[in-house]
Every structure is written in structure tokens, then in C-alpha cells.
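Reader: I would like a close look at one part of this model. Please keep to a single side chain first, and then go on to a sheet.

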Amino acid sequence: MQHARIVLLGTGTGLPDPDRSYTHLVWDGPGGPFLIDVGGESYRRLLATGIDPQQLRGVFLTHSHCDHINGLAALIFSLRLGGRNEPLPIYGLATTLELASGYVTAAGLEEWAALADWRPVTAGEQVSLGEGLELATAVTAHSRPCLAVRLSAPNVSPICYSADTEPCPAVTELATGADLLIHEATVAEPFAGHTTPRQAGAVAAAAGVHRLVLVHFSPRWTMPVAQALAEVAAGGFTGEAQVGTDLQELLVSQQ
């Protein structure tokens, strides 16, 4: 039976803390490693988790805000310096990929930019990533077009990542039946385009997930961790809840 894990490479907001980088994560299981969003030092953080960045099977960009894509040019640069010649599939909305490719071009990578294999996806599309790994998407409620993702693979329970969003039915539906929900919790009070810990707890309860991990979170800018967990419970979630930390490993349950 195959094993899988999610590693939180970064868990902070667009305004990082000393111990929290921009939120991005990696799937390490069937069809992986597969990177979701690209913070500013993804290559080094992958190494810190024991993952060889040269073995990346693909990247998914949830949206085009710079804290989610600003490390892409540096990742491509490092992959080529490390000897990679195999194209790197990069998935996302067409508008997201257009802006991300502009970042890569602006970095002056010239022919090295050919390493990027841009693969647009549409909202709601399901993508087969190899070895039985399936990626499903849903549009979130954010200030730029953004996709939440759900990953499913043989013999392991589905996981869902909300990306940046305020609570919305599409994300709740995408998360329904997942074992693990990784959900943003950026703000202390309801705010357009983002979610509070209490709202994240309500989403997790409505989706019926077993585990909830908060990311895109700051004890400095959002609220203290203990308060956030109390807010999750106040939102109605009675399962296992925690606030994610950088380089934290989340084992994916086996089926």
C-alpha cells in the first residue's frame, strides 16, 4: 500500500512572520512530488523536507497574487542549474499562467524558461497527474481568479486545499468527504476574499472532514494560536484541528 504526505513548505500570509514563509505546500505520494504554489525559496524548503526538487512532477498555481507565484522563476533557475532538462508541467487558470510566465520572462531566463510546460486548466476541471493521482478544482471567492484543489490517489484518503478564499459553497462542496482540509485563516474578522478561523471551522464542519489545518495564518496579524483553535471550535468543528507550521508534515490517511 502506498503512503502519502503533505508538507507545508510555508504557512504565512502575504505579510510573513520571522518563522512563517508564504503559504505553499507539496504532495509527496503517488504521482508526486507535486508542488502547490511557489514561495520564494521552494527549492531549499523541498530539500529540507527530504524531497529532491529535481524529481518534481508538476506545479499547480492557485492564483496570481505574488506571494503564491513569486518563487517560480527562482525554482526554474535552480532546477536548470541542478541539471534538469525535462519540462516541468505548470497548471493553473490561463490568466494565472499568463502573469506567471511574465514573471519568468522578466527574470531574463531566456532559453531556460523553456523548462516551463504551461498547462491551462478551467474551473471545475479534473486533471490526471499520473500514478492514479487526480486533481479536481473549484473557483474560490477571492480578489483574483483562484482555484481550490482536491487531490485523490489510490488507497489514500482525499485532501483538499482551499487556497485564498472567503467561505463559499464551491470550496465546501470540493472538501466534502475529504479526510484532511487545509484551509486559509488570514483574518480575525470577516473580510472579503479571506476567511477567519471561526469561518474555517464552520466550513470544515459543513464538509464533514476529519482534520482541519489552518494556513495563510499569522499569530501576529490574525490572532494567537490558542484563540484561533477556540474560534475553530466555536465555528462548529469537532474534529482534529491545528494551526499549521512551516515544514510541518501531514500524513495522509490510508483507505
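Which backbone oxygen does the side chain of Gln54 reach, and at what distance?

Author: The model is predicted: local features need pLDDT of at least 70, side-chain atom pairs count only at pLDDT 80 or more, and totals for chains, interfaces and linings use all residues. Residues are numbered from 1 along each chain as its sequence is written, and side-chain values use heavy atoms, with hydrogens and water left out.

The side chain of Gln54 reaches the backbone oxygen of Leu79 at 3.2 Å, a polar contact (N or O atoms within 3.5 Å, one able to donate a hydrogen and the other to accept it). Gln54 sits in the loop that runs between α1 (42-48) and β4 (58-60); helices are DSSP runs (H or I) of at least four residues, and strands (E) of at least two. With a relative accessible area of 17%, Gln54 is buried (under 20%, 1.4 Å probe, protein chains only). Beyond its neighbours within four places in sequence, Gln54 is in contact with Tyr43, Ser78, Leu79, Gly82, Gly83 and Arg84 (heavy atoms within 4.5 Å).

Now the sheet. Seven strands form an open sheet in the order β7-β8-β9-β10-β11-β12-β13, with mixed pairing (at least two DSSP bridges between paired strands). β7 (126-130) and β13 (240-243) are its edges; each has a single partner strand, so one side of each lacks a neighbour in the sheet. From one strand to the next, the twist averages 20 degrees. Helix α7 (residues 225-234) lies across β12 and β13, at about 150 degrees to β13; axes are lines fitted to C-alpha atoms, for helices over the stretch in contact, and angles run from 0 to 180 degrees between N-to-C directions.

Key. Buried means under 20% relative accessible area, exposed over 50%, partly exposed in between (1.4 Å probe, protein chains only).
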